[in-house]
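Here is a short walk through one structure, meant to be read with the model open beside you. We'll go through the cavities, then the sheets, then a couple of helix pairs.

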Amino acid sequence: MERRLLCNRMERKMEENTVRDVETGSETGGEDALVGNVNKLTVSPPGYTGAPRKGHLVFDACFESGNLGRVDYISEFEFDLFIRPDTCNPRFRVWFNFTVENIRETQRVIFNVVNFSKTKSLYRDGMSPVVKSTSRPKWQRLPAKNVYYYRCPDHRRNYVMSFAFCFDREDDVYQFAYCYPYTYSRLQHYLASLERRNLPYLQREQLGLSVQQRRLDLLTITNPDHLSPDREKKLVFLTARVHPGESPASFICQGVIDFLVSQHPVAQVLRDHVIFKIVPMLNPDGVYLGNYRCSLMGFDLNRHWQDPSPWAHPTLHAVKQLIVQMNQDPRVSLEFYIDVHAHSTMLNGFMYGNVFEDEERVQRQAVFPRLLCQNAPDFSFSNTSFNRDVVKAGTGRRFLGGLLDDTSYCYTLEVSFYSYMTAGSTAPVPYTEETYTKLGRNVARTFLDYYKLNNFIKDNRPTHIQSSEVMSQTGDGNRKGNGFGRDAADREREKSQGVRH
């Protein structure tokens, strides 16, 4: 029923011209002017007066990480929804997160999210929004058969994502989102719970404050003996949520932290040999505000690593200062920098790395992603690539790759907003909060394999992959780093999928 109704509506939408936009006041550029979220907005039929009735939907996005800028009534069964652009930057309109209430039991609706700024999307490949309600608080994905993504002449040829839904419990408040939300407050509660455990190998400190005075947290996880000023230190640095709408990055980051503070034997060995420094949320204002890519002031912080401003990009400035300071300490060997993101057009987890002229360094850089591929069935080495695009010069991976010495490795870790394919599978497996977290745990445990492979850590636990295996797999291909170890088919697939971070 929902699918037939949605198909019919899509056909009508494609046949109509843009006159209706003018008639309803949706003149060109209207959605770009949206600057705030709807606040308990009751959407009644045109001309209706009086108290709202059951079935006159009430929309709200005035809550943490919420985003919905406008709702247009099309019919009793259909509503056009407008994403509020990132604050101070109308270019980015992807993340949405809103609630609906005052519904009528068995009420069927079609929601059209009409102003996406991206042309390519995993919605074309089976992705669907997530939903929960007050009586069913666990997020779940909508059935993919009820979701369509298409270019629409009604809305300046923007891409539209339409989905059908049937409300079933009158007293519930329903919440819809682009992906599983992970808010600033959730992070603060999680970090506070870690602090209450008084773990001797965990330190939490406030590295700085955002423009709106939110905490920039830094975690240090290691055996406290490593923190002696005179001791040589091997250090791994990890950051997440520089792009606020990429919520899967927070689940991965929490998975890394959960594993490293656990009593798992691998975690204990790692803490005895390595210092882990983690910034779980690099853009807390953007996360709180419900932005997709930018900070409060409209900056894509992952393009400002070269010269961050202490007043416009204070969180980035503080992290860069710390890394530069540590890099100048001769007793500190900053071995890894990993920046965690989520990807809107690709499947699986994968990595971006840098390009080097030194072939031996290229070989070494490929080792960690290959080891991770052995530990994480959802991680794809064939999607992993190495580049030096000019547009990426201001990213953490590119800037720090040029700053640190040739024994350091800088990666962007990406994970799909939607799903992963495993070896031999014929259908994608949608990610859940739990499987994102599991990928984080697998990232953490891969450091033991890496350090055992390099003979820094010696114990009797079996490694997941032997040195000879790694070196035989790395081969001689792609000497310029344009996707190490990939064949032509891999590169063509990545090109068609629009690789971006």
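## Cavities

Searching the whole structure turns up four cavities of 30 Å³ or more. A cavity here is a set of points, on a 1 Å grid over the protein atoms alone, where a 1.4 Å probe fits but cannot get out. Grid points are joined across faces, edges and corners, and the volume is the space filled by probe spheres set on the points. Keep in mind that this is a predicted model: local features need pLDDT of at least 70 and side-chain atom pairs count only at pLDDT 80 or more, while totals for chains, interfaces and linings use all residues. Residues are numbered from 1 along each chain as its sequence is written, and side-chain values use heavy atoms, with hydrogens and water left out.

## The largest cavity

The largest cavity has a volume of about 100 Å³. It is lined by 14 residues, and those closest to its centre are Asn283, Asp285, Ser295, Leu301 and Thr315; a lining residue has an atom within 4 Å of a point. Helix 6 (284-289) and helix 7 (314-327) each put at least two residues into this lining. Helices are DSSP runs of H or I with at least four residues, strands are runs of E with at least two, and both are numbered from the N terminus.

What sort of residues make up the lining of the largest cavity, by class? Eight are nonpolar, five polar and one charged.

The largest share, four residues, comes from helix 4.

Six strands form an open sheet in the order 1-2-5-11-7-8, with antiparallel pairing. Strand 1 (41-42) and strand 8 (136-141) are the edge strands, each pairing on one side only. Two strands pair if DSSP finds at least two bridges between them. Strand 1 pairs with strand 2 (residues 58-60) over two bridges, in the antiparallel sense, and Thr42 stands opposite Val58 in strand 2.

Towards the other end of the order, strand 7 (residues 130-133) runs antiparallel to strand 8, and three bridges join them. A hairpin links strand 7 to strand 8 through two residues. Strand 7 also pairs with strand 11 (residues 174-177), antiparallel, over four bridges. Ser133 is a handy residue to look for: its bridge partner in strand 8 is Arg136, and its bridge partner in strand 11 is Tyr174.

Strand 16 (residues 332-340) and strand 19 (residues 409-415) pair in the parallel sense over five bridges. Val340 has Leu413 in strand 19 as its bridge partner.

## Helices packed on helix 11

Helix 9 (residues 367-375) packs with helix 11 (residues 433-453) at an angle of about 125°, with their axes 9 Å apart. Helix 9 is therefore oblique to helix 11. Angles under 35 degrees count as roughly parallel, over 145 as roughly antiparallel, 65 to 115 as roughly perpendicular and the rest as oblique. Axes are lines fitted to C-alpha atoms, for helices over the stretch in contact, and angles run from 0 to 180 degrees between N-to-C directions.

Methods: On a 1 Å grid over the protein atoms alone, a cavity is a set of points where a 1.4 Å probe fits but cannot get out, and a pocket is an open set with protein on both sides within 12 Å along at least five of seven lines; lining residues have an atom within 4 Å of a point. Ala, Val, Leu, Ile, Met, Phe, Trp, Tyr, Cys and Pro count as nonpolar, Asp, Glu, Lys and Arg as charged, and the others, Gly among them, as polar.
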